[in-house]
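Subject: Structure handover

Hello,

Here is the structure I promised to pass on. My notes follow below it.

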Amino acid sequence: MSTLVQEDAARTVCAAVFASLPRRDQRRRAEEYVQGLLKTPGRKSFRSLAQHTGGDSAAEQRLHHLVTGSTWDWRPVRAALVEWLTATNPLSAWVVQPMPLPRGGGQSFGVWFVSPRVVTPVAWHPHLPDDGTAPDETYEDAVTAAVLEATESARAPRRPVVLDITDVDAPNALTRLPLAQLPAIARTRASAPLRTADPALPGYGAGPRSARETLAAVTALRRPVEWYDGSPAPSVSLAAAVPVTTPARRPALLLGEWTDPRRPPAHFWVTNMRLPAPVLLRLTKHADRVSRTAATRARQTGLRDFAGRSPAGWHRHLTLASVACAVAALPVPGT
């Protein structure tokens, strides 16, 4: 996308998503910040961004205040971003992936909007180490907060949630409200304890077994599945889905993917959806699209570049960087 086309696209998106900001100068500074993120190579500091909005110390101070000293609420902006994206692109799935916090340890969880042509983050929630000052928020709590912000912030169509997070207790998380109310599939560990729920399958009635053991007993059910990763030719994996019950005794499906039929499954997923294995496997590939996109967009739009310590500042920077990601993700006109 050429610079002029990208500037026009940024103006269009910013006009839609920053309408909730109460003051005109806030809306103007927010657009300047987004334009600066898109134009500035390398690390995005307030000083480097200010080079595109005046280049003096006053411009730097204005951008700094917009993120760390202002009081505007980032939640309506994120909701407006979701509304704009769903109005202009057919949503395929939400994908949740972790991103390390730049200071103090911990993780953040980003929810990415995935459509056939657009992949961009729309919601964020931090998970901080327990410092003894407040009840420790579990990973599942943090993930749930991020997912609900994205899925409930607008009248978006109901679409599957793909949880690509190895540290979450996936079998229990998917059966715990409110995630249990959403169609979801979550990456899980090979050691996750599950019970085979189909009397016709090996292992039924044997009690909990690991996901690896459960799938090892049903290799005869594997079928080849074609899927695309952006290459002209499809890739092929073997996949099988097994009805199971979670430790909380809730029904689920365990999905295994084999990239080498002579070895154990390469990937393990558990889902509360009752869909054929090929459909589920292709759904998990949205996580790969997000991983590839995130590596590029994080550098391009400064997702990891907030250097402050203010939680509100972190949220505002991630919100503005997410808007920049959405602009960068838009298809090039004519393609």
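In this predicted model, helix H1 (residues 3-17) packs against helix H10 (residues 311-329). The angle between them is about 135°, and their axes lie 9 Å apart. H1 is therefore oblique to H10. The crossing of H1 past H10 is right-handed.

Which residues make the contact? From H1 they are Gln6, Ala9, Ala10, Val13, Cys14 and Val17. H10 supplies Val323, Val327 and Ala328. By class, the residues of this contact are eight nonpolar, one polar and no charged.

Next, the core. The largest nonpolar core has 107 residues. Those with the most contacts inside it are Phe18, Tyr33, Trp94, Val96, Leu163, Leu303 and Leu320. H10 gives this core its largest share, eleven residues. As general background, nonpolar side chains tend to be buried together in soluble globular proteins.

Leu163 is worth a look on your screen. Leaving aside residues up to four places away in sequence, Leu163 touches Val96, Val143, Val147, Leu174, Leu179, Ile185, Ala186, Arg187 and Trp269. Val96, one of these partners, is also among the core residues with the most contacts.

One more residue: Arg75, found in helix H5 (residues 74-88).

Best wishes

Key. Residues numbered from 1 in each chain as written. Predicted model: local features only at pLDDT ≥ 70, side-chain atom pairs only at ≥ 80, totals over all residues. Heavy atoms only, no water. Axes fitted to C-alpha atoms, helices over the stretch in contact; angles between N-to-C directions. Helix = DSSP H or I, 4+ residues; strand = E, 2+ residues; numbered from the N terminus. Parallel < 35°, antiparallel > 145°, perpendicular 65-115°, else oblique. Left-handed = near helix turned anticlockwise from the far one by under 90°. Contact = heavy atoms within 4.5 Å. Nonpolar A, V, L, I, M, F, W, Y, C, P; charged D, E, K, R; others polar. Core = buried A, V, L, I, M, F, W, Y, C linked by side-chain atoms within 4.5 Å. Buried < 20%, exposed > 50% of the residue type's maximum accessible area, 1.4 Å probe, protein only.
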